[in-house]
Each structure stands twice: as structure tokens, then as C-alpha cells.
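Reader: I'd like to go through this one with you and ask where the labels come from. Can you show it to me first?

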Amino acid sequence: MSDITKQSLSELVENIKGKKLSSSEVTNAFVERSEKSKELNAYITEDYANALNKAKKFDEKPNLDLKLPGIPMAVKDLFCTRDLRTTAGSKILNNFVPTYESTVTQNIWNQGAILMGKLNCDEFAMGSSNETSFFGNVQNPIDKNLVPGGSSGGSSSAVAAQLTPITIGTDTGGSIRQPASFTGTVGLKPTYGSCSRYGIVAFASSLDQAGPMAQNVKDCALLQEVISTYDEKDSTSIDFKRNEYSKELTKDIKGKKIGIPKEYRVDSMPKEIEDLWKKGIEYAKDCGAEIIDISLPHTNYALPTYYIVAPAEASSNLARYDGVKYGFRAEGENLIDMYEKTRSEGFGAEVQRRIMIGTYVLSSGYYDAYYLKAQKVRKLIKNDFDDAYKKVDAILTPSTPSSAFKIGEKTNDPVSMYLNDIFTVPVNLAGLPGISIPAGHDANGYPLGLQIIGKAFDEQNILNIAYAMEEKINFKNNITDWWIK
Amino acid sequence: MSIDLKTIKHISKLSRISVDEKKAEKLAGDLNSIFDFIEKLNELKTDNVEPLTSVAETTLKLRSDEVKSKNLRDQVIKNSPKENEDYFVVPKVIE
């Protein structure tokens with residue numbers, strides 16, 4: 001079969017279970033395509049030889065009862081993988097080899113999947129274009145010199161280019177949904193507490209969530225089913241009854257009430273986004289959903305709130321990188337000098353900027369004015385959603401205020417870069433699940449996404465709505481393999 | 001509000017990140033534009049609002065106090081940039 005890499009995860013699982021394909025054949029195909037796709041710079045660390053060995057071992061004694069039997073897969077380089085370098089896209093972790101495995105990746109290997117390598121991302125997941133990575137830009141397979149979104153940019157590029165059948169990312173303010181939207185793929189940010197944060201390099205602990213990225217909703221549901229488990233090693237992991245998301249997936253969403261928040265109609269919104277949203281509303285109606293206008297009055301305050309809360313938590317989380325216990329060290333004249341040089345040389349510009357913002361808002365005299373204020377506004381934002389969910393089952397919005405932009409276009413203006421996350425950030429602040437599905441193209445043929453936001457722990461419902469709408473939208477990604485010579 | 005170079009130097013000290021003059025000027029510009037954007041929050045009255053510290057509305061679970069991982073010394077030391085058998089090594093602290 002020459003077109004193995006074109007198959008969806010569900011097809012590959014079926015073909016391996018039906019003994020039409022072996023894990024070695026599948027792994028070989030994805031490794032070969034990854035080898036030919038170095039120009040995308042989607043990988044930071046490749047582990048192909050080990051992957052092929054593991055596939056061979058799987059085929060010798062295949063366990064076909066598993067959910068991901070012998071499926072090869074690359075993951076975002078924010079997940080700690082035992083004995084395989086984990087960098088978080090940073091120079092400061094350039095030589096870090098974890099001695100333990102993240103819970104989310106362990107869940108994946110327990111279901112038979114095979115690690116192919118670690119995917120590029122913005123440094124410590126801080127960025128919306130994958131341009132802050134110490135390991136360089138990632139190319140969007142949609143077009144040359146186009147960003148793949150961020151921070152899970154290597155992940156979105158690799159799934160869209162079919163270097164991996166499926167992957168996982170992390171989402172603190174939009175880092176799964178925005179890159180999914182930029183590459184014509186599907187990305188789910190689960191409810192806070194659904195997937196364990198154990199072994200994920202921490203950015204902002206009250207916002208970080210891992211989630212699946214895939215070519216379609218069904219694959220996304222299957223991976224979510226695998227990665228979402230209660231974990232006592234994460235004190236904010238929540239013990240709730242999890243659905244069998246892929247088995248319970250249905251296109252029957254008749255009578256579901258879907259809210260349209262008027263505040264998401266932002267001033268600078270391009271007409272093509274507005275049109276996409278209108279089209280989305282029509283698709284939802286066609287599926288039998290009832291459309292209801294709602295208000296989320298504090299939407300405009302979400303980004304300013306996020307740019308206090310996230311840097312504050314980051315400045316505290318990143319205090320551990322001191323050149324003593326692990327990672328990069330710069331020599332200094334004394335201990336303090338060593339700390340300061342290590343952090344100045346080890347962190348990139350965006351990470352340093354955010355550590356400084358966070359340190360400032362937490363510093364004596366400013367804590368109440370900034371950090372406490374932001375926590376209070378965060379409460380108002382969550383209350384908006386709580387009120388809306390008294391009337392509706394889910395909320396439909398665009399995923400991003402624009403399509404993918406060119407590499408270098410927004411690097412000099414941090415605030416314009418931050419505006420990318422205007423529709424995704426409120427969801428993290430409220431701890432809710434959100435999914436981005438591809439829904440159309442702009443004038444250049446670049447993909448555009450729609451976001452469906454759910455109630456806490458209601459992943460099944462937004463997956464169902466996405467599944468029903470996906471069929472109506474019938475989106476086709478236009479990828480020409482321009483990077484393969 | 002404006003963040004001046006003196007404040008940048010102060011934050012850089014607290015952050016343990018060294019900055020030279022050129023970097024300090026760039027950071028002052030960036031931080032001022034970001035804080036202009038953040039100031040929007042002052043439009044809201046929040047006197048009677050409870051701060052939200054965690055969206056996970058659960059209380060922490062208790063667990064029994066037992067050792068689950070043992071003999072991790074080698075693993076803990078493994079990634080250290082400089083070590084001497086059982087210790088992390090840093091520049092001399094006490095003269």
C-alpha cells in the first residue's frame with residue numbers, strides 16, 4: 001500500500017487489527033515521509049530507529065485488543081519521555097533527558113502506540129507561531145513561509161503533512177486550537193483536570209491542558225479516550241466519569257442549543273471570518289441544532305487577564321531553571337552571577353519578557369493592582385460562561401481572528417501576536433473544553449477554523465457537534481507536498 | 001503608567017536574568033506596550049468579586065503518607081550540569 005500515510009488513524013487501526021497492515025509497514029511509511037520532510041522542521045528529536053524496532057517487536061507478538069495497536073506517533077516536545085531528550089523548544093533544556101514518563105504519553109504507549117520523535121513548539125509553549133523555538137521556525141505544509149500556528153506548531157504541521165497519523169499538543173491559551181485552525185486540522189483542548197499534567201513541562205499551571213490533534217473528529221475522540229485519565233500524581237486531576245468518546249460519538253445533535261456570543265464580533269474581524277461564522281451557524285442549523293444569541297460581556301477583558309495570570313504562573317514555574325539541577329549552565333563569577341547568566345543565555349527573548357511581566361505583577365506593591373485584580377476578572381469571565389450555559393449546551397465561535405500569517409510578519413509586535421488568541425483564551429481562563437474544526441478557506445486558500453466550546457466535562461457533546469458539522473462542512477485540505485523535492 | 005529603566009533593572013534582579021543597557025531599553029518598550037494593553041482591566045469595578053484561584057472546584061484529596069519512590073539519587077543527579085558523586089556543584093558560596 002503506497003498511500004499508508006494518507007490513511008486516518010481510525011483506518012490504520014482497522015487495517016492493523018484486520019491484519020491487512022503490519023505495524024512495521026505503517027511505521028516505515030511514516031518514518032520515510034518524515035525523513036523526506038525535514039524542510040518543515042516539524043521534529044526537534046527523531047527516534048526512528050527505535051520506532052522501527054518497537055514496530056518489529058509489536059508485529060512478533062501483536063496485541064490487537066489495544067486501542068492504538070502498533071500505531072507510530074510523534075508528540076509535542078513538552079511531554080517528558082523517559083530516556084528521550086525533552087527540550088520544551090528551549091536552549092535551557094537542550095540536553096535534558098527525562099528519567100520518567102508523562103502520564104499522558106504513558107497512557108498512549110499502554111494502548112500500543114510507538115514513539116517516533118518529539119515535535120517542535122514555541123519555547124516553553126509561549127508563542128502563537130512557533131517562531132520562539134530555539135530550534136527554529138516550523139513551516140506550515142499549506143504554503144511556504146507560512147507559520148503553522150503555535151505553540152503546538154510542530155504538532156499541527158506534522159499532522160497536516162501526514163508525518164504522524166495523530167499527535168498530542170498542550171493548550172494554555174489556544175496552543176492546540178489555533179495551530180489546528182491554521183493547518184486545516186482538528187484540535188481539542190479538554191476541560192481543565194481531564195488530562196494529567198504530570199510530566200508535562202509546566203508553563204501556567206492553572207491553565208495548561210494536554211489534548212489530541214488529528215485529521216478528523218473521530219480520530220480526535222479516540223485519542224482523547226486514551227489520554228484522559230484520573231491521575232493521583234497531578235493534584236488538580238479530576239476524578240469524574242469519563243465517556244468512551246469514540247464509541248459514544250454520534251452525529252445526532254437534534255435540538256442541541258448552540259449559543260452565538262455577540263461579543264466575539266470584534267471590531268477588526270476580517271469579513272471572511274465573519275462569513276465563515278455565518279456559514280457555521282447555517283451548518284449547525286442543518287444538523288438540527290437550535291441557535292440562540294447569548295452574551296459573554298467580559299470577553300474583551302480575557303486577553304489582558306491572561307497576560308497577567310499566565311506570565312505570573314510562568315515566572316514562578318520557570319524559577320527552577322537555575323543551571324544547578326539540570327539543563328544548560330553558563331559559568332559565572334559567583335552563584336548569583338551564574339544564575340543570572342544561565343537564565344539570560346538559556347531563555348529566549350519571549351520567555352524572558354514573560355518572566356519579567358510575571359515577576360513584576362507578583363512583586364511587592366503591585367500584587368493587588370495586577371495579580372489579584374486579574375484573578376477577580378477571571379471570576380467574572382467564568383461567571384459569564386456559567387450564566388450562558390443556563391440557556392445553551394455549547395457555544396460556536398471562530399477559532400482565530402485571521403488565517404495563518406507569514407513567518408516574521410508579527411515578531412516585532414508582541415501585542416499583535418497575543419491578539420491571535422482572542423477567541424481561545426477565555427476558554428482556558430474558565431477551564432472549559434473547546435474544539436477547533438476546519439470549516440473553510442480564505443482568499444489565499446488558507447484554512448479557517450470554527451471553535452465549539454462546551455460545559456466543563458462535556459467533551460462528548462462538543463465532539464458530537466463537531467462530528468455532525470464536519471460531515472456538512474466536508475472540508476478538504478489542499479496540500480501539494482511542495483517541500484518534497 | 002510607565003516602566004522606566006530603573007524598574008527594568010529591579011525586575012531583572014528579581015527574575016535573576018541579567019540585562020545590559022540595550023536589552024533593558026528594548027524590554028522597557030515591550031513591557032510598556034503590554035502594560036498599556038493590560039490597563040484595560042481598570043475599567044472594571046471588582047471590589048466585591050471573589051478572586052478565582054482555581055477552576056477545578058475540588059478539594060485536594062488526602063493520601064496515605066507512604067514512600068512510593070525509592071533510591072532515586074542517580075536519576076536526580078543524572079541531568080545535572082556539574083556534580084560530584086552525591087552533590088550538585090555550584091560556584092563557591094562561602095569565602
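Author: Let's start inside chain A. Leaving out residues up to four places away in sequence, A:Ala466 touches A:Val217, A:Ile435, A:Ile437 and A:Ile452. Keep in mind that this is a predicted model.

Reader: What makes A:Ala466 stand out in the largest nonpolar core?

Author: Its contacts. The largest nonpolar core has 149 residues, and A:Met73 and A:Ala466 are those with the most contacts inside it. The element that gives the most to this core is H9(A), with nine residues. There's also a second, separate core of six residues, A:Ile142, A:Val147, A:Phe182 and A:Ala404 among them. As a rule, nonpolar side chains in soluble globular proteins tend to be buried together.

Reader: Why is A:Ile292 called partly exposed?

Author: Buried takes 20 or more other C-beta atoms within 10 Å, and exposed takes 12 or fewer. A:Ile292 has 14, so it's partly exposed. You'll find A:Ile292 in strand E8 of chain A, residues 290-294.

Reader: What does A:Ile292 touch, not counting residues up to four places away in sequence?

Author: A:Lys257, A:Ile258, A:Gly259, A:Lys391 and A:Val392. Take A:Lys391: 99 residues separate it from A:Ile292 in sequence, yet their C-alpha atoms are 8.3 Å apart.

Reader: How do you know that the span of helix H10 of chain A agrees with its 12 residues?

Author: At 1.5 Å a residue, helix H10 (residues 335-346) should span 16 Å, and its end C-alpha atoms are 16 Å apart, so the two agree. The buried residues of H10(A) are A:Met338, A:Tyr339, A:Glu340, A:Thr342, A:Arg343 and A:Gly346.

Reader: How do you know that the radius of gyration of chain A agrees with a compact globule?

Author: For 485 residues, the rule gives a value near 23 Å; chain A has 21 Å, so that agrees. Along its principal axes, the C-alpha trace spans about 65 × 55 × 45 Å. Of the residues of chain A, 61% count as buried. Its secondary structure comes to 15 helices and 11 strands.

Reader: And what makes up the contact between chain A and chain B?

Author: Chain A puts in 52 residues and chain B 39 residues. On the chain A side, the elements giving two or more residues are helices H9, H10, H11, H12 and H13. H12(A) gives the most, with 10 residues. By class, that side of chain A has 24 nonpolar, 16 polar and 12 charged residues.

Methods. Residues numbered from 1 in each chain as written. Chains lettered and ligands numbered in written order. Predicted model: local features only at pLDDT ≥ 70, side-chain atom pairs only at ≥ 80, totals over all residues. Helix = DSSP H or I, 4+ residues; strand = E, 2+ residues; numbered from the N terminus. Expected span 1.5 Å × (residues − 1). Rg over C-alpha atoms; globule rule 2.2 N^0.38 Å. Contact = placed C-beta atoms within 7 Å. Nonpolar A, V, L, I, M, F, W, Y, C, P; charged D, E, K, R; others polar. Core = buried A, V, L, I, M, F, W, Y, C linked by C-beta atoms within 7 Å.
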